Each structure stands twice: as structure tokens, then as C-alpha cells.
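Here are my notes for a colleague who is meeting this structure for the first time.

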Amino acid sequence: MMLVKNSVFRLFSWLVMDFQALMESDFKDVKESLPLLPMFQKESGEQSKTAIGTSWPVAAFLLVNAALGAGVLNYPYAYDKAGGVVFAAFLQIIMMVVLIATMLVLVYSADVNKDTTYHDVLNSLCGRRAQQFAALSILLTCYGICITFLIIIGDQYDRLFMSVFAQEFCTTWYLDRRFTIAVTAVLCILPMCYFQRLDFLRYASTLGIFAMLYPVFLTVYEYYKLDVVPGKIKVMPDSAVQVFVVIPVFSFAYQTHEIVVPVYACMKNRNLRDFTKATFLAMGILFFIYCMAGSFGYVTFGSLIAPDIMEQYDARDPIVLIGIGALVIKMITTYPQLVVCGRGALDGLYAEFAHLTTDQFIKGEFKRRIVVTTLWFASTLLLAVLAPNIGVVIELLGCLASVNIFIFPGLCLIALAIRDDEYLDQWKSRAKAFVACLMILFGTFVFGVVFTKVIIYDMLNKTTKVVHSKC
């Protein structure tokens with residue numbers, strides 16, 4: 001048992017380190033480009049020498065770990081928008097089938113040139129522009145998740161102060177979420193963001209598994225403990241728009257596409273059969289986790305559910321207090337890693353578009369790091385204070401997820417079809433092109449619907465549901 005525990009711990013630590021290296025070293029592009037982010041290239045090289053091929057169950061664990069995140073806090077709220085437990089579960093099954101198909105498209109595409117990263121696949125099949133857009137998408141995803149983390153920190157403080165001081169905390173300036181978010185971010189997060197490397201946070205990040213699974217345990221625990229009268233329990237969604245709005249939320253929760261190719265590359269037996277088994281196992285585990293969180297959380301509160309499920313639990317309960325503390329620490333230790341990932345992506349794109357030489361890139365690294373980090377931190381902090389809840393930000397992140405999940409794999413599938421049959425004379429090539437077009441159109445449609453809904457309905461009209469703990 002101890003051997004298994006140590007193996008899982010090492011694998012998770014490797015994932016955190018390798019995911020950073022993946023997201024940042026991808027922007028070096030081709031051989032004639034600048035050697036961007038050299039501090040991660042050396043580390044990746046060392047890892048490749050010592051890496052041991054993983055089995056398909058381990059690959060499944062890596063995919064599960066990559067997918068679990070802040071989205072689990074929003075899942076019961078998503079069940080309300082999806083139309084209740086049964087319809088949400090049905091919608092998730094459909095989404096899982098589609099997501100597995102797009103993941104296998106990426107893996108199949110990676111086999112063409114033996115690519116090892118998501119960006120390499122796009123560069124090989126679709127060209128550098130597609131690779132740059134993928135880099136921009138991941139950069140914006142990191143940015144949005146940073147905003148979400150700050151909002152979650154504020155939510156946890158609100159839950160704690162609401163439990164201890166009741167409504168009085170709304171009139172006390174130093175208990176206001178705008179103050180608590182800012183102070184925590186400036187004192188605990190900002191100093192770590194200026195580091196070039198974050199190796200010292202590698203082991204602290206293992207708390208992420210506990211922090212993200214704990215709300216699942218809490219939803220079950222509080223369902224049996226709390227004696228509350230839930231709001232309306234839906235059996236169908238209110239409108240078709242609500243269905244399309246919740247699709248990106250589910251997509252974001254199951255999204256592992258950015259690391260699918262690296263995980264596939266590190267498998268002992270690199271073949272579609274083993275990776276398909278890993279994918280089905282990972283999706284099955286995620287489905288069970290999310291259904292537990294969504295179902296128990298939703299039936300406990302019904303239509304009164306908050307965008308962050310933790311907001312509705314009494315922080316005076318030690319069981320809840322442990323979860324609040326774990327989540328705050330998780331957000332504090334993970335935010336700087338996302339800054340480094342996003343900063344590296346922005347650095348690489350800037351160096352490429354500005355045509356910097358290697359010497360210019362290295363010489364200006366410190367100044368760019370200070371400027372980019374400061375602007376990144378200040379803007380995410382401002383948006384976190386202004387955003388009504390994590391539901392809005394997760395919907396926007398879901399828009400980006402739809403691009404990475406549907407549009408980019410669709411482009412790869414079209415490229416494969418044309419590569420095999422330039423004029424699409426064979427029916428297999430036409431079928432690939434047709435499916436690819438459907439993927440691209442669906443991803444574009446969902447992106448447009450959700451983005452429009454969030455901007456016009458949630459932000460401009462400010463009609464987002466605000467519940468309980470917020471003043």
C-alpha cells in the first residue's frame with residue numbers, strides 16, 4: 001500500500017512539473033526559431049532520459065488528475081442550469097462520447113509524425129498559425145483560471161465570515177471580499193509570481209488532489225447532515241439556450257486535450273488500443289466523481305444552489321473548515337504556476353512576432369518577467385473583484401475549451417483527410433472531412449452562443465444569480 005501511495009505521489013509531482021514544461025516549451029516552435037524558455041528545455045531533456053514508459057492505467061490517472069479542478073465547485077450549479085440530475089447525466093454521457101472521439105483524433109494525428117505535444121500536432125498538420133492560435137487559447141485559459149482562483153479565495157472567506165459574524169461582516173470593511181482577496185493575493189501570491197522557476201511548489205501542489213476531491217465528499221456528507229428545504233428540483237432545462245450554455249461547463253470539467261498527446265507519448269505501449277482503454281477509464285472515473293458532486297449538491301439545495309457549492313456550508317463545522325483551508329492553500333500555490341505557464345506562452349509569442357534574436361530574448365527576460373507578471377496579476381485581481389461569481393468565468397473558460405476540444409481537432413482531421421486523399425475522392429476521406437466540419441461548426445456555434453450569453457446577459461444586465469453569502 002505504501003508503495004502504491006509513493007508511486008501516485010511521484011506521478012502527480014511529475015505531472016505538475018511536466019505540464020508546466022509542456023505548456024511553456026511548446027512555444028519554441030521549429031528548430032530555426034528562438035530557443036524560447038531554455039530553463040524548461042533542459043528540464044524536459046533530463047526527464048526524457050530518465051522517463052519510464054507508463055502503463056495505460058497510469059495514463060488514465062494522469063488524465064483524471066489533469067481534468068479535476070475548480071470546475072467541481074461549480075458542478076451542482078451546472079446541474080440546475082442543465083435541467084436536473086437525469087438530464088445532466090444524459091448530457092454528460094453524450095459529451096463524454098464526443099470528447100473521447102476528439103481525444104482519439106488528436107492521438108491518431110500525433111502518430112503521423114510521432115509528435116509529443118498538442119502544439120506539435122497542430123504545427124505538423126495545420127501550420128504555424130494554428131499553433132500560435134492554440135498557444136493564445138491556452139494563454140487565455142491560464143488567465144481565466146487565475147481569475148477563478150482569486151474568486152474562490154474570496155468565496156471561502158465569505159463563507160467563513162458569514163458563519164462566524166452572520167450579516168455583520170457585510171458592513172465591516174476589513175471583512176469585505178474585495179479587501180480579503182486583495183490582501184491575500186498581494187501578500188501570499190504576488191511574491192511567488194516573480195520567480196523564474198517554481199520547483200519549490202512542486203510538492204505543495206499535491207494538495208490539489210485532496211482539495212478538489214474534498215468538495216465531493218462534502219456534498220455527500222452535508223446531504224445527509226443538513227436539514228434544509230431545497231428550492232425547485234428541475235427535471236428539464238428551462239430553455240435550449242441553457243443546454244448550450246452548460247455544454248462548455250461540462251466540456252471544461254472533462255477537458256484533458258492539452259495533455260492528451262504528451263501522456264500518449266510517455267506510454268510504454270504507444271498505440272490507440274491501450275490509449276483508448278486509458279481514455280474510457282479516465283472518463284468513467286470523472287463521470288462518477290462529477291455525478292456524485294453534482295447530484296448530491298443539487299438535490300440538497302435545488303434551485304437555491306450557489307455557483308460555488310462551498311458558499312452554502314457552515315464554516316463553523318470543522319469538516320467544512322478543513323475544506324475551506326485546503327481550497328485556499330490550493331489556490332495560493334497553484335496561481336503562480338499558471339502565471340509562469342501563461343507568461344511563458346506570452347513571452348514566446350512576443351519573441352516570435354517581434355523577431356527577437358536569442359541574445360535579445362535572453363537579455364530582456366528579467367524586464368519582461370517583471371512587467372508581464374505585474375500586469376497579469378493586477379488585471380486578474382481587478383476582474384476577480386468585479387466578477388459576480390465563478391460561474392461566469394467558468395462559462396467563458398468553457399468557450400475556450402470548446403475551441404481546444406472541437407475546432408482544433410477538427411482542423412487536424414481535415415488535414416489528415418487531405419493528406420491521405422488530396423481531392424477527397426475516397427468515401428473514407430469524405431467522411432473524415434464531413435465529421436471534421438461538423439466538429440468545427442459545433443465548436444464555433446457553442447462558443448458564439450455562450451460568449452454572447454455571458455457578455456449580454458450576465459455581465460451587461462448583471463442578472464447573474466447571487467446567493468446567500470455575498471453582500
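1. Helices (H or I, at least four residues) and strands (E, at least two) are DSSP runs, numbered from the N terminus, and the expected span of a helix is 1.5 Å times one less than its number of residues. By that rule the 29 residues of helix 5 (residues 85-113) should span 42 Å, and the end C-alpha atoms are 43 Å apart, which agrees. Just after helix 5 comes Lys 114, with a positive phi of about 55 degrees.

2. Two remarks on the basis of these notes: this is a predicted model, in which local features need pLDDT of at least 70 and side-chain atom pairs count only at pLDDT 80 or more, while totals for chains, interfaces and linings use all residues. Residues are numbered from 1 along each chain as its sequence is written, and side-chain values use heavy atoms, with hydrogens and water left out.

3. As to the overall make-up, the protein has 17 helices and zero strands. Of its 471 residues, 56% count as buried, where buried means under 20% relative accessible area, exposed means over 50% and partly exposed lies in between (1.4 Å probe, protein chains only). Contact means heavy atoms within 4.5 Å; among contacts between residues at least 6 apart in sequence, 85% join residues at least 24 apart.

4. Helix 7 (residues 128-165) has 38 residues and reaches 55 Å from its first C-alpha to its last, close to the 56 Å expected at 1.5 Å a residue. Helix 7 is mostly covered, with 28 of its 38 residues buried, and Ala 166, which follows it, has a positive phi near 55 degrees. Gln 156 lies in helix 7 and counts as buried at 0% relative accessibility; leaving aside residues up to four places away in sequence, Gln 156 touches Asp 308, Met 310, Ile 324, Leu 327 and Val 328.

5. How do helix 13 and helix 15 cross? The axes of helix 13 (residues 318-353) and helix 15 (residues 365-386) come within 10 Å and cross at roughly 125 degrees, the axes being lines fitted to C-alpha atoms, for helices over the stretch in contact, with angles that run from 0 to 180 degrees between N-to-C directions. The two helices are therefore oblique to each other, since angles under 35 degrees count as roughly parallel, over 145 as roughly antiparallel, 65 to 115 as roughly perpendicular and the rest as oblique. Residues making the contact include Tyr 335 and Leu 338 of helix 13 and Trp 376 and Phe 377 of helix 15.

6. Phe 377, placed in helix 15, is buried, with a relative accessible area of 6%. Not counting residues up to four places away in sequence, Phe 377 touches Ala 185, Val 186, Ile 189, Leu 190 and Tyr 335. Phe 377 and Val 186 are 191 residues apart in sequence, and their C-alpha atoms are 9.0 Å apart in space.

7. Which cysteine sulfur is closest to that of Cys 142? It belongs to Cys 341, and at 5.2 Å the two are too far apart for a bond, given that a disulfide is a pair of cysteine sulfur atoms within 2.5 Å. The structure holds zero disulfides. Cys 142 is buried, with a relative accessible area of 2%, whereas Cys 437 is partly exposed, at 37%.
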